[in-house]
Amino acid sequence: MSTEHTHDHGHGNGHDHGHHHHEESWVSKYVFSQDHKMISKQFLITAIFMGVIAVMLSIFFRLQLGWPGEKFGMLNFFLGDKWAPDGLLEKNAYLAMVTIHGTIMVFFVLTGGLSGTFANLLIPLQVGARDMASGFLNMLSYWAFALSSVIMVASLFVEGGAASGGWTIYPPLSALPQAMPGSGTGMTLWLISMVFFIASSLLGGLNYIVTIINLRTKGMSMTRLPLTVWALLVTAILGVLSFPVLVSCAVLLLMDRSFGTAFYLSDIFIQGEALDVTGGSPILFQHLFWFLGHPEVYIVLLPALGISSEIIATNARKPIFGYKAMVGSILAIGFLSFIVWGHHMYVTGMNPFLGSVFVFTTLLIAIPSAVKAFNYITTLYQGNIRFTPGMLFSIGLVSTFVTGGLTGIILADSALDVNVHDTYFVVAHFHIVMGMSAIFGMLGGVYHWFPKMFGKMMNTKLGYAHFWITLVCGYGVFFPMHFVGLAGAPRRYYDYSEFEFLQWVMDLNPIISVFAIVGGAAQLLFIFNFFHSIYYGQPATQNPWGSNTLEWTTPVKHIHGNWPGAIPEVHRWAYDYSNPEHDDDFVPQVVPLKPGEHGH
Amino acid sequence: MKLLVILVIALAIIAIVQLSKVYEFTRALRKSKEEEISPADNKLQANLMLVWMFVFFIGTIWLYIRYGHYLPEPASEHGKDVDWLMSLNLWMITVMFFIMNSMLFIVSWKFYYRKDRKARFFAHDNRLEMIWTLIPGITMAFIIVFGLITWNKITGPASADAITVELYSKQFDWTARYPGDNGEFGASSYNLISSDNALGIITKDKIASKIEEIDAEIEKVKASLEENKKLATMPESYVETLQDKIYRLERHKQRILDLGESKLPSGKSNWETGGDDRIAKGEIHLPVGKEIEFIFRSQDVIHSAYMPHFRAQMNTVPGLPTRFKMTPTITTKEMREKLGDDEFNYVLLCNKICGAAHFNMQIDVVVESPEDYEAWLKKQKTFIAQETAPAASPATADTTATPAAGAPIAAATN
């Protein structure tokens, strides 16, 4: 690493970067890059790679769930004789697939992939900074993420298989190698991978916060920040406050596993032996885990909401409705997300009074969420909607956010949770909000900012096909699951044929699996479009969507330092679309106020 | 069915390949820019929004009609409250679901881009925003109040004459224990678990025999170490393993010696009341119309006792006994008649991932008249009687069939 180009990113306004034409080596440009735009691409492509693995895993176990006991040559082809002898998925392998699918999706795609990509790309560009506050930490953040991805994928191939206790890895199941084969080496690797992942998250998060607070360009007051930046700021704060708790949670588990402590273990007799553990509490783990785990849900969701706010306003050619309420609801959701973790634990034997408190706090989240949903719809109302693929995904996001959010009301209600806890109802709920809403936010963001990232356009028609197939299949997979869950079908079951009372609802399972396979295959459209367009896409113009935010004032061809001349000054908020005082239907933030115009 | 599936998948793949080809063609033909959405495209997408809305709603209604009666009527007293609350909530969210989604899709359909029109500059409206902050707020207040009333009913203390039943979980089966004629459970400890004491019930005899067993084991290991001192044939690491084993056995012994005795309300010691506890495997029986208080314990990992027909669920946590109370209201026989299904059985299933055979960790629940229940209970062996004749219980066929090659766990403890 040469230090010559780690120059004064932070010096901000007026510093002329145009004359820096030093040669960058291939390695420092594409591999150990400290440029936020390159790092963002690295995050995105790694996340796409991880996403493909996670989708494949889900198709493997959907085959078993759709047609239990049926043999599929494909499974044997991919998983080999050990995990799928004769093409029949092995029971432990099934649990490993479920676990790693969840882990990759939640952490690697929706946290690393979503925040990593868009925080890196958008924060410096939208606040008007030359780069992140610390390019070096940013680079470390990506490489810690890459390392943890490699370890997580490698854990699929170790003796005993990958971690298999569910992505929530509750001890004692995850703590005792005697309890299941996946709790051996696979679990150790899972924990090590997560430690690197968290390091990546923290390095990234600190950088995002510092950049947003300190490196805004002249005129970019907090109230003029685009909602994407607000969402990414709150996301980063949530991450910085909650991930350290997960580290301690994971380290204590490592110690229980390897060094004979008993933080989470007590009174256990397994494999013919009474273990020398007393006084620990498995419930302690759950408290620590969900103290991260619930903010994590919003770490996943908020960036998607921020992205869609931006895309919806741009393509409806209307200011986002209720900017202040949108910011307020992001802050409220962020705050509340820290005091609701207990709603994952109503049936753990936690004090019922404590349960009541969590019912109260959890249901409060419905209020800012409803405000957001209504504001999106009002933004579209009387707009002039341009259906770009990014816009379609953002509208899809609003639909799934509403649909998935509403079932959360039932799960938040402890008295009702008793009967649907850990059933497919929960699977339906969180897949519609995370598997659909958050993913839609991510995909919408990719379609929208692809021209900024790669200087090329993605194909619109393929984008349309991708959206409609994904929307129909996504709902086709997850909506019927509500009914499977209400009928009493637990999640993480390998086979339901042992239960007579569930058989009547099990004819939904093959349907769900077909939708999953088609929906999974449809992602090939996106992947093809993505990689093909990087090389052969139509060249992009500087501001293809007629957008107001600062990133579209930078040249199409990326340069280090973002703006060739001085950093532009900001004179207005980001949402002056169809302002009656102007002829154009958009007014970029850099346009000075007209005499007599009321600024925002 | 299978053919259909293969057909659908094949068609999907063909469609994708075709689309990719179309892509190449359109690229060559089209002069317009990707970012310029043609009026025709825009109109098409707007119409698709509306089409999708109808498809989505019709699908939803079909699901409600076909699968909306999710479970038979609740077979427990609190289950009625839960179901009432569930219906209320489901109705409310369903209405909101239709309203919000139709607003979204209709608005998207109606306001598609037209060149001659400008969007309305409408940035905020405090009154509107107040309305949609207050309405959810008030609704949530109602939901919270109703929810907590029911929650308090469910979780309140059991009445004094409730029948206590202990459910003990392990990978991958359930064992039930009923207090014997004295009405009180004997104490238990995981340190005393052995092949003839699966629940680790404490009696003076059991303590003595377990300590004897451990002492014998220690002697055996020590003897083999002594042997090695003379011959020095064992590798160092194996010697360490044996020393570690002795250490752990001694700790185990110490934990047993540390077990405390305490007085039960009747004045008896909790080490004396375990002998007449009745132990049932394969089925648990409950009397109709009587309040039952379940005490849940777990031997190895977290499990969850889920009884969907009773709207009841509670995790079983090693080292932390949990409880759940309920009053069954419909006997198995009555439920069979209601459903017209002679085979129907209430079932308790594991609902917390616990290992390879998690998906088949179940036990039948039989609800019957108090007389039948008493008669059944009398037939169950007491702890002492069981010890003298450790016969295979009728349920073993159920549970031992499941652990697969990957899970050699159940065998070790059975």
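Helices (H or I, at least four residues) and strands (E, at least two) are DSSP runs, numbered from the N terminus. A cis peptide bond, with omega at about -5°, links B:Gln171 to B:Phe172. This is a predicted model, so local features need pLDDT of at least 70 and side-chain atom pairs count only at pLDDT 80 or more, while totals for chains, interfaces and linings use all residues. Residues are numbered from 1 along each chain as its sequence is written, chains are lettered from A and ligands numbered from 1 in the order in which they are written, and side-chain values use heavy atoms, with hydrogens and water left out.

A:Pro171 and A:Pro172 are joined by a cis peptide bond with omega at about 0°, and A:Pro172 sits in the loop between helix H5 (135-154) and helix H6 (185-214) of chain A. Then there is A:Asp86, not a glycine, yet with a positive phi of about 60°. Its place is the loop between helix H3 (73-83) and helix H4 (91-127) of chain A.

Now for how the two chains meet. Counting contact as heavy atoms within 4.5 Å, chain A puts in 150 residues and chain B 130 residues. Together they bury about 12300 Å², 69% of it on carbon and sulfur atoms; buried area here is the accessible area (1.4 Å probe) that two parts lose on being put together, summed over both. Between chain A and chain B there are 37 residue pairs in polar contact, both residues at pLDDT 80 or more. (A polar contact is a pair of N or O atoms within 3.5 Å; within protein, one must be able to donate a hydrogen and the other to accept it, and residues adjacent in sequence count only if both atoms are side-chain atoms.) On the side of chain A that touches chain B, helix H17 (residues 508-536) of chain A gives the most, with twelve residues. That side divides into 89 nonpolar, 39 polar and 22 charged residues, where Ala, Val, Leu, Ile, Met, Phe, Trp, Tyr, Cys and Pro count as nonpolar, Asp, Glu, Lys and Arg as charged, and the others, Gly among them, as polar.

B:Arg66 and A:Asp507 make a salt bridge, at 2.6 Å from N to O. Inside chain B, B:Lys338 pairs up with B:Glu73, with the closest N and O atoms 3.0 Å apart. That pair links distant parts of the chain, 265 residues apart: B:Lys338 is in helix H7 (residues 332-339) of chain B, and B:Glu73 is in the loop between helix H2 (39-67) and helix H3 (77-110) of chain B.

Chain B also has sheets, with two strands counted as paired if DSSP finds at least two bridges between them. Five strands make an open sheet with mixed pairing, in the order E3-E2-E1-E5-E8. Strand E3 (278-281) and strand E8 (322-326) of chain B each have a single partner strand, so one side of each is left without a neighbour in the sheet. Strand E5 (residues 292-298) of chain B runs antiparallel to E8(B), joined by five bridges; B:Glu293 has B:Lys325 as its bridge partner there.

Methods. A salt bridge is a side-chain nitrogen of Lys or Arg within 4 Å of a carboxyl oxygen of Asp or Glu.
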